[in-house]
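Hi everyone, thanks for coming.

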Amino acid sequence: MKGEISISDGLRQLPIRPVYLVSVEHDGKKNIISIGMFAYFSGKPTLVGVGIAPSRYSFELVRQSREYVVNVVDEELMEAVRICGEKSGREVEKFEQTKLTPAKGVNVKAPLIKESPLSIECKVVKEVETGDHVWFIGEVMAVHIREGYDWKDGLLFKWIGQEGFYYKIGENTGKY
Ligand SMILES: Cc1cc2nc3c(=O)[nH]c(=O)nc-3n(C[C@H](O)[C@H](O)[C@H](O)COP(=O)(O)O)c2cc1C
């Protein structure tokens with residue numbers, strides 16, 4: 001038997017609600033935003049996307065630079081996710097505030113976050129307005145990985161804002 005529940009309670013039960021730090025730069029101004037709206041859109045060409053609300057400072061920077069970097073986060077970056085998800089780059093310099101280090105990419109000016117285990121350089125190829133967010137679909141230009149990194153090491157894959165919790169990757173079921 002299934003019973004209907006409210007839409008917001010129902011969506012909280014989704015198995016995956018990812019979280020990433022997206023770094024951007026335009027005209028020498030760098031910023032970082034915490035992002036839950038991330039998706040993989042195409043294999044060939046390789047397209048991913050991030051949904052950013054027009055009110056965000058990062059929205060302006062991506063609109064103009066047409067680039068961004070998606071940085072995977074682990075438990076050590078949780079405090080940075082909090083800061084970059086609460087404060088606006090209009091008021092604070094987030095690289096300074098989080099003590100994260102901007103690093104050079106190869107195909108985009110937007111900085112990689114050195115402390116992230118995996119960073120994905122993207123160039124915007126399409127913008128799609130969806131309700132209260134705009135999806136910036138980006139072609140993946142390069143991916144940078146920390147030596148010895150294993151994706152199972154403490155990655156955060158689900159956040160529930162109302163509870164204020166993040167969850168880590170679970171166990172291998174041993175079955176296919
Ligand atoms: C875990 C988490 C996920 C978030 N996901 C998104 C998102 O997908 N899109 C968005 O526009 N804002 C999202 N936010 C809110 C922004 O990170 C927040 O408004 C931030 O302060 C905007 O910064 P900016 O003005 O410097 O761009 C999220 C916040 C948190 C904590």
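Here's a question to start: which element gives the most to the shell around the ligand? It's strand β2, with 4 residues. Before we go on, please keep in mind that this is a predicted model.

Now for the rest of that shell. At least two residues each come from β2 (29-35), β4 (47-52), α2 (57-65) and α3 (78-86). There are 23 residues around the ligand, and those that come nearest are Ser58, Lys87, Ser88, Gly89 and Lys94. If we sort the shell by class, we get 10 nonpolar, 9 polar and 4 charged residues.

And where does the ligand sit? You'll find it in the largest pocket.

Let's zoom in on some contacts. Ser58 has a polar side-chain atom 2.6 Å from an oxygen atom of the ligand. The backbone takes part too: a polar backbone atom of Met37 is 2.9 Å from a ligand oxygen, and a backbone N or O atom of Gly36 lies 2.8 Å from a ligand nitrogen. As for cover, the ligand taken alone exposes 650 Å², and the protein buries 88% of that.

One last stop: Asn71, in strand β5 (residues 67-72). Is Asn71 buried or exposed? Asn71 counts as buried because its relative accessibility is 0%, and the cut-off for buried is under 20%. Its side chain has partners: there is a polar contact with the side chain of Ser119 at 2.7 Å, and a polar side-chain atom of Asn71 lies 3.1 Å from the backbone nitrogen of Ile113.

Conventions
Residues numbered from 1 in each chain as written. Predicted model: local features only at pLDDT ≥ 70, side-chain atom pairs only at ≥ 80, totals over all residues. Heavy atoms only, no water. Near = heavy atom within 4 Å. Polar contact = N/O pair within 3.5 Å; in protein donor to acceptor, adjacent residues only side chain to side chain. Areas by Shrake-Rupley, 256 points an atom, 1.4 Å probe, with all protein chains shown as cover. 1 Å grid on protein atoms, 1.4 Å probe; cavity = no way out; pocket = protein on both sides within 12 Å on 5 of 7 lines; lining within 4 Å. Sits in = over half its atoms within 2 Å of the grid points. Nonpolar A, V, L, I, M, F, W, Y, C, P; charged D, E, K, R; others polar. Buried < 20%, exposed > 50% of the residue type's maximum accessible area, 1.4 Å probe, protein only.
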